[in-house]
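Visitor: I have a chain to look over. Please walk me through it, briskly.

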Amino acid sequence: MLIQSGPESWATESVKRIRERCRTDLLYLTAEVLSEAGVDAGLYEKNLLKTPCQFHIEAARIVESGVDALILAPRIHIKTGLVTTGGGIQSVLKDPNWRNLLISETPMLVSKVLREIVWHFAENKRLRTLFPEYRVDSHDEDGTKTTFDV
């Protein structure tokens with residue numbers, strides 16, 4: 001693993017190369033940087049994307065290519081974690097001015113995904129260390145949690 005907790009663990013690759021890899025390699029971003037337990041702790045705690053199957057490889061390549069595509073797969077194939085959450089974060093890292101449209105079956109599901117994306121920018125230490133320019137302050141001056149409207 002290249003990233004464990006901070007810059008002292010990044011001896012094998014420079015931070016600049018890791019940042020570029022996060023912008024171009026969705027599987028790397030999701031498995032190595034977003035793997036810190038967060039809103040959807042089950043996906044990241046199990047590290048299911050550390051050894052991706054052919055479906056994950058193909059889905060990541062479709063997202064990275066930027067083509068419009070409908071990715072269909074049965075439940076529990078980590079589509080939301082990889083394509084929606086990871087792909088959404090990667091698109092912000094590539095171009096923060098690009099607009100993303102999140103669509104799901106219900107507004108509640110979209111809110112959950114958006115909360116997870118916000119969590120990564122606000123709380124994920126790996127992502128905040130690699131991309132400090134995208135930090136979202138999650139606490140007010142008095143130390144209380146800031147709420148994010150979804």
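Predicted model: local features only at pLDDT ≥ 70, side-chain atom pairs only at ≥ 80, totals over all residues.

Guide: Arg 19 counts as buried, with a relative accessibility of 18%.

Visitor: With which residue does the side chain of Arg 19 meet in a salt bridge?

Guide: The contact runs N to O, at 2.7 Å. It links distant parts of the chain, 114 residues apart. Arg 19 lies in helix H1, and its partner sits in the segment after H7. That partner is Glu 133.

Visitor: Is Glu 133 buried, exposed or partly exposed?

Guide: The relative accessible area of Glu 133 is 45%. Buried means under 20% and exposed means over 50%. Glu 133 is therefore partly exposed.

Visitor: Which residues are linked with Glu 133 in a network of salt bridges?

Guide: Glu 133 also meets the side chain of Arg 23, at 3.9 Å, N to O. That pair is 110 residues apart, with Arg 23 in helix H1. Arg 23 is buried, its relative accessible area being 18%. The residues linked with Glu 133 are Arg 19 and Arg 23.

Visitor: How many salt bridges does the structure hold?

Guide: Arg 19 with Glu 133 is one of them. Glu 133 with Arg 23 is another. The structure's total is four.

Visitor: Which helix holds both Glu 64 and Arg 61?

Guide: Their side chains meet in a salt bridge, 2.7 Å from N to O. The two residues are three apart, about one turn of the helix. An α-helix has 3.6 residues a turn, so residues three or four places apart point the same way. The helix is H4.

Visitor: Of Glu 64 and Arg 61, which one counts as buried?

Guide: The cut-off for buried is under 20% relative accessible area. Arg 61, at 38%, counts as partly exposed. At 18%, the buried residue is Glu 64.

Visitor: How many residues of H2 are buried?

Guide: The buried residues of H2 include Leu 26, Tyr 28, Thr 30 and Glu 32. H2 is largely enclosed by the rest of the structure, because its buried residues number eight of the eight.

Visitor: Which residue caps the N-terminal end of H2?

Guide: One of its side-chain oxygens lies 3.2 Å from a backbone nitrogen. That nitrogen belongs to Leu 27. The capping residue is Asp 25.

Visitor: Which element has the lowest mean pLDDT?

Guide: The chain averages a pLDDT of 76, and 72% of the residues score at least 70. Helix H1 (residues 15-24) has the highest mean among the elements, 92. Over residues 41-45 the pLDDT is below 50, and beyond near neighbours in sequence this stretch has twelve contacts in the model. With a mean of 47, the lowest element is helix H3.

Methods. Residues numbered from 1 in each chain as written. Heavy atoms only, no water. pLDDT = per-residue confidence, 0-100. Helix = DSSP H or I, 4+ residues; strand = E, 2+ residues; numbered from the N terminus. Contact = heavy atoms within 4.5 Å. Buried < 20%, exposed > 50% of the residue type's maximum accessible area, 1.4 Å probe, protein only. Polar contact = N/O pair within 3.5 Å; in protein donor to acceptor, adjacent residues only side chain to side chain.
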